[in-house]
Amino acid sequence: MEFSEAQFNEVLGKINKGMTDLAAKIDEVPRAARAAMDHWYVPDFMGDAIEWCATKICELAKWLLNKIKEALVGVAAPICFFNRAIDWQDVRGLANGVTGQLKPEAMPAVTSWTGSGATAYKASIKPQGDAAAKIAAIADKVAQALFYCSGAGLLFYLAIALILAKFIAAMVVGIAAFSSAVFSWAGAALVVEEAGVNSAMIWSAIVALSGVLVVQAQQLTIVHGETVDNSAFPRGHWPDPLSSTYGDATVKDGDADWSLNS
């Protein structure tokens, strides 16, 4: 799934609102249960059963709420992945620009410049262009992996929002069951059932996310392999961005491949 920051923020807003609503519903359950018990026709054993059921519903709802809070610990990750992916695409664009500028046919000086300096210059153009193209390829792979991670995060939190909304609807039914003149076991049972179903859905969402992250780990392993492969760089060296390592068109350490005087 492609990532949309606006959609992600909307999903996050629904989750936050849902958590607030669920906490409020948890507070309503004991009051509704007491109201259901406070009738002359409700025997003690029935009152005990209602109280037990209300306690169990609150426990299940609190468990669900805590699990969602745990899931929100990494909520900033999808946006971070998306922003870093854009940064890496910028790197890709810059590197591809360098590749285009270093093509021999794009440099008119090579057709009129002669001598040993021109020969060394011509010889260095292709390796430099290949190095820039390698950087662009690495940046593109990193960006794609990050885009994929951000999309997976959006799907995960969307599933959490749907689970939360579904359970809140069941809580409403359960509270109505307590508040009715005649206590409805079916309504209370629905909440217990929904709690079980939604807890299973949460674990399924976590398992699905874990599966996606396994794929991402594999992709990042590939990216690592790309970054340690220096075959496209002159003499196996990454280009050094620090001007302090260069003299008059010559690398201070004597690496002739980065020198126009080679």
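Reader: Is F3 buried or exposed?

Author: The model is predicted, and the values are computed from it. A residue counts as buried under 20% relative accessible area. F3 has 11% relative accessibility, so F3 counts as buried.

Reader: What kind of aromatic pair do F3 and F8 form?

Author: By the ring-centre rule there are five aromatic pairs. In the pair of F3 and F8, the centres are 5.6 Å apart and the planes stand at 40°. Planes under 30 degrees apart would count as stacked and over 60 as edge-to-face, so the pair F3 and F8 is tilted.

Reader: What kind of pair do the rings of F8 and Y157 form?

Author: F8 is buried at 1% relative accessibility, and Y157 is buried at 5%. Their ring centres lie 6.0 Å apart. The planes are at 80°, so the pair is edge-to-face.

Reader: How many residues apart in sequence are the parts that the pair of F8 and Y157 ties together?

Author: F8 lies in helix α1, residues 5-37. Y157 lies in helix α5, residues 116-179, so the pair ties together parts whose separation in sequence is 149 residues.

Reader: Which residues do ring pairs link into a cluster?

Author: F3, F8 and Y157 have come up already as members of ring pairs. The cluster linked by ring pairs consists of F3, F8, Y157, F82, F147 and F156.

Reader: What span should helix α3 have, and how far apart are its end C-alpha atoms?

Author: Helix α3 covers residues 77-101, and its buried residues include F82. At 1.5 Å a residue, its 25 residues should span 36 Å. The computed distance between the end C-alpha atoms agrees, at 36 Å.

Conventions
Residues are numbered from 1 along each chain as its sequence is written. This is a predicted model: local features need pLDDT of at least 70, side-chain atom pairs count only at pLDDT 80 or more; totals for chains, interfaces and linings use all residues. Side-chain values use heavy atoms; hydrogens and water are left out. Helices (H or I, at least four residues) and strands (E, at least two) are DSSP runs, numbered from the N terminus. The expected span of a helix is 1.5 Å times one less than its number of residues. Buried means under 20% relative accessible area, exposed over 50%, partly exposed in between (1.4 Å probe, protein chains only). Rings of Phe, Tyr and Trp (its six-membered ring) pair if their centres lie within 6.5 Å; planes under 30 degrees apart count as stacked, over 60 as edge-to-face and the rest as tilted.
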